[in-house]
Amino acid sequence: MKGHKLNNSEALKFIFSGNSTTTFLNTKTDNRFTFRVKQAKDSNLFFVSVLTSPETYTYLGTAVEGNYRHGKKSNISKDAQSAKVFKYVLNKLKSNSLPEFIEVWHEGRCGKCNRPLTVPASIITGIGPECAKRLTKAEKRDKFLELILS
């Protein structure tokens with residue numbers, strides 16, 4: 001698989017960094033889903049989409065304060081496996097109880113600005129060095145992460 005595996009402590013930070021593309025891989029079944037999570041401007045609202053065909057993402061729902069809610073206008077059923085997987089993995093990451101057979105990957109692009117990552121430390125976390133500075137300095141961002149992790 002192309003990309004880089006995130007450890008569980010970095011996964012939530014990456015997913016909700018602003019413009020992330022994340023793949024959840026079940027190593028037992030080899031099933032995988034790729035999600036794009038984009039932040040609404042000046043808000044803690046995130047739009048979740050799932051990769052449905054090459055280069056095509058379909059709206060799935062929203063996440064507010066780390067809680068996923070299926071979108072009423074989504075063309076994908078709330079009972080679809082992709083919707084269930086996103087909600088399940090998100091809840092397991094929040095409770096720090098993600099099973100070992102589920103892996104979270106990023107594709108080598110910054111989760112905030114979507115530029116290619118080149119610094120080795122940034123490749124590990126999925127956030128570029130300039131974006132990491134902005135994320136750690138933002139008080140609003142820190143409070144949001146505390147809400148998710150509590």
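Guide: Helices (H or I, at least four residues) and strands (E, at least two) are taken as DSSP runs, numbered from the N terminus. The model is predicted.

Visitor: How many helices and strands does the protein chain have?
Guide: From the N terminus on, the elements run β-α-β-β-β-β-β-α-β-α-α-α. The secondary structure of the protein chain comes to five helices and seven strands.

Visitor: What percentage of the residues of the protein chain count as buried?
Guide: A residue is buried when its relative accessible area is under 20%. The protein chain has 150 residues, and the share that counts as buried is 43%.

Visitor: Which residues of helix α1 are buried, and how are they arranged?
Guide: Helix α1 covers residues 8–15, and its buried residues are A11, L12, F14 and I15. Seen down the axis of α1, these buried residues fall within an arc of 165°, so they line one face of the helix. An α-helix has 3.6 residues a turn, so residues three or four places apart point the same way. The arrangement of the buried residues of α1 is therefore one face of the helix.

Visitor: Which residue has a side-chain oxygen reaching the backbone nitrogen of E10?
Guide: The contact is at the start of α1. The oxygen comes to within 2.9 Å of the backbone nitrogen of E10, and it belongs to the side chain of N7.

Visitor: Which residues have the most contacts inside the largest nonpolar core?
Guide: This core has 31 residues. Elements that each supply at least two of its residues are α1, β3 (32–39), β4, β5, α2 (81–94) and β7 (102–106), and α2 gives the most, with six. Leaving out residues up to four places away in sequence, F86 touches F24, F35, V37, V48, L60 and Y68. The residues with the most contacts inside the core are L60 and F86.

Visitor: Is S49 buried or exposed?
Guide: S49 is found in strand β4 (residues 45–53). Apart from neighbours within four places in sequence, S49 is in contact with T34, F35, R36, Y57, T58, Y59 and L60. Its relative accessible area is 15%, so S49 is buried.

Visitor: What distance separates the C-alpha atoms of G61 and A83?
Guide: G61 is in strand β5 (residues 56–64), whereas A83 lies in helix α2. G61 counts as buried at 0% relative accessibility, and A83 counts as buried at 3%. The two residues are 22 residues apart along the chain, and their C-alpha atoms are separated by 8.4 Å.

Visitor: What distance separates the C-alpha atoms of A83 and H70?
Guide: Setting aside neighbours within four places in sequence, A83 is in contact with L60, Y68, H70, S77 and K78. H70 is also among the residues that G61 touches. A83 and H70 are 13 residues apart along the chain, with their C-alpha atoms separated by 7.4 Å.

Visitor: How many disulfides are there?
Guide: A disulfide requires a pair of cysteine sulfur atoms within 2.5 Å. The cysteine sulfur closest to that of C131 is in C110, at 3.7 Å, which is too far for a bond. C110 is buried, with a relative accessible area of 2%, and C131 is buried with a value of 2%. The count of disulfides comes to zero.

Visitor: How many salt bridges does the structure hold, and which residues form them?
Guide: The side chains of K5 and E103 meet in a salt bridge, at 3.6 Å from N to O. K5 lies in strand β1 (residues 4–6) and E103 in strand β7, so the pair ties together parts that are 98 residues apart in sequence. D30 forms a salt bridge with R32, the closest N and O atoms being 3.7 Å apart. The structure holds two salt bridges.

Notes: Residues numbered from 1 in each chain as written. Predicted model: local features only at pLDDT ≥ 70, side-chain atom pairs only at ≥ 80, totals over all residues. Heavy atoms only, no water. Buried < 20%, exposed > 50% of the residue type's maximum accessible area, 1.4 Å probe, protein only. Arc of directions from axis to C-beta. Polar contact = N/O pair within 3.5 Å; in protein donor to acceptor, adjacent residues only side chain to side chain. Contact = heavy atoms within 4.5 Å. Core = buried A, V, L, I, M, F, W, Y, C linked by side-chain atoms within 4.5 Å. Salt bridge = Lys/Arg side-chain N within 4 Å of Asp/Glu carboxyl O.
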